[in-house]
Amino acid sequence: MASCRTVEFLYRAIPLRVFRDLLIRIHMEGCERCRARLVSPEVARGLFVRADDVGPVDELWRRLSAETGLPQASPEKPAAWNGAAWRWATAAAMALVVAVTGFWLLDRIEKAGPGGPLAPAEEGFRLGYVKVGGAPAQTFVYQPLGSDTVFVWAHRAP
């Protein structure tokens, strides 16, 4: 009983189809209580509809409309755009938005330059030359806006 609850919890918690399939198979092989609730293969086969039970497909709509009392009309044509096409169109639109936004931000950063509005000039702090291990180093200076703290990062120049 406790293992049944654990299996139900894991089934709901992890939405991976492969994991759920494996979880159900392993649990059904080991749990007598759950195995007793399963239907026999003969009953399960009886629940399926065979193609010869349906009859000709072109007559299906006429038979359904006659049985329900609705006027006979042809079914609507399916939409040209199915779900997969909409997913592809959405993904393409999202990729386009991300690309345009990225290029716009890149353009803004290049136009700002090293002394542009994105990096205000520090008046009280000057760094003339930095060496790391006796060799010239590349530095990165960061000062948060509205703060007197200055962070300097230096590493060997390539």
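**Briefing: seven helices and three strands**

Aspartate 21 is partly exposed, with a relative accessible area of 38%. For that label, buried means under 20% relative accessible area, exposed means over 50%, and partly exposed is what lies in between, using a 1.4 Å probe and protein chains only. What you're looking at is a predicted model, where local features need pLDDT of at least 70 and side-chain atom pairs count only at pLDDT 80 or more, while totals for chains, interfaces and linings use all residues. Residues are numbered from 1 along each chain as its sequence is written, and side-chain values use heavy atoms, with hydrogens and water left out.

**The overall picture**

- The protein has seven helices and three strands; helices (H or I, at least four residues) and strands (E, at least two) are DSSP runs, numbered from the N terminus.
- Read from the N terminus, the order of elements is α-α-α-α-α-α-α-β-β-β.
- Of the 158 residues, 7% count as buried.
- Take the contacts between residues at least 6 apart in sequence: 14% of them join residues at least 24 apart. Contact here means heavy atoms within 4.5 Å.
- The accessible surface of the protein is about 14200 Å², and 64% of that belongs to carbon and sulfur atoms. These areas come from the Shrake-Rupley method with a 1.4 Å probe, and for residues, only the protein chains shown count as cover.

**Salt bridges**

- The count comes to two salt bridges, each needing a side-chain nitrogen of Lys or Arg within 4 Å of a carboxyl oxygen of Asp or Glu.
- One of them links aspartate 21 to arginine 25, with the closest N and O atoms 3.1 Å apart.
- Those two partners sit four residues apart in helix 2, so about one helical turn separates them. Arginine 25 is exposed, at 53% relative accessible area.
- Glutamate 32 and arginine 35 also meet through their side chains in a salt bridge, at 3.3 Å from N to O.
- Glutamate 32 counts as exposed at 55% relative accessibility, whereas arginine 35 is partly exposed at 35%.

**A buried histidine and a nonpolar patch**

- Histidine 27 belongs to helix 2 (residues 17-30), and it is buried, with a relative accessible area of 11%.
- Setting aside neighbours within four places in sequence, histidine 27 touches Ser3, Cys4, Val7 and Cys34.
- Out on the surface, Val39, Val43 and Leu47 make up a nonpolar patch with about 310 Å² of accessible area together.
- Patches are made of residues with over 30% relative accessible area and no salt bridge; like charges are joined within 9 Å, and nonpolar side chains (Val, Leu, Ile, Met, Phe, Trp, Tyr) within 5 Å.
- Valine 43 lies in helix 4 (residues 41-47) and is partly exposed, at 46% relative accessible area.

- The three strands form an open sheet in the order 1-2-3, with antiparallel pairing. Strand 1 and strand 3 are the edge strands, as each pairs on one side only.
- Strands of a sheet pair through backbone hydrogen bonds, either parallel or antiparallel. Two strands count as paired if DSSP finds at least two bridges between them.
- Strand 1 (residues 131-132) pairs with strand 2 (residues 135-142) over two bridges. Across that pairing, lysine 131 stands opposite proline 136.
- The hairpin of strand 1 and strand 2 has two residues between the strands, and glycine 133 takes a positive phi near 65 degrees there.
- Strand 2 is joined to strand 3 (residues 151-156) by six bridges. Valine 141 has valine 152 as its bridge partner in strand 3, and tyrosine 142 has phenylalanine 151.

**The aromatic pair**

- There is one aromatic pair in the structure. Tyrosine 142 and phenylalanine 151 form this stacked pair, 6.2 Å centre to centre with 25 degrees between the planes.
- Rings of Phe, Tyr and Trp (its six-membered ring) pair if their centres lie within 6.5 Å; planes under 30 degrees apart count as stacked, over 60 as edge-to-face and the rest as tilted.
- Phenylalanine 151 is partly exposed, at 47% relative accessibility.
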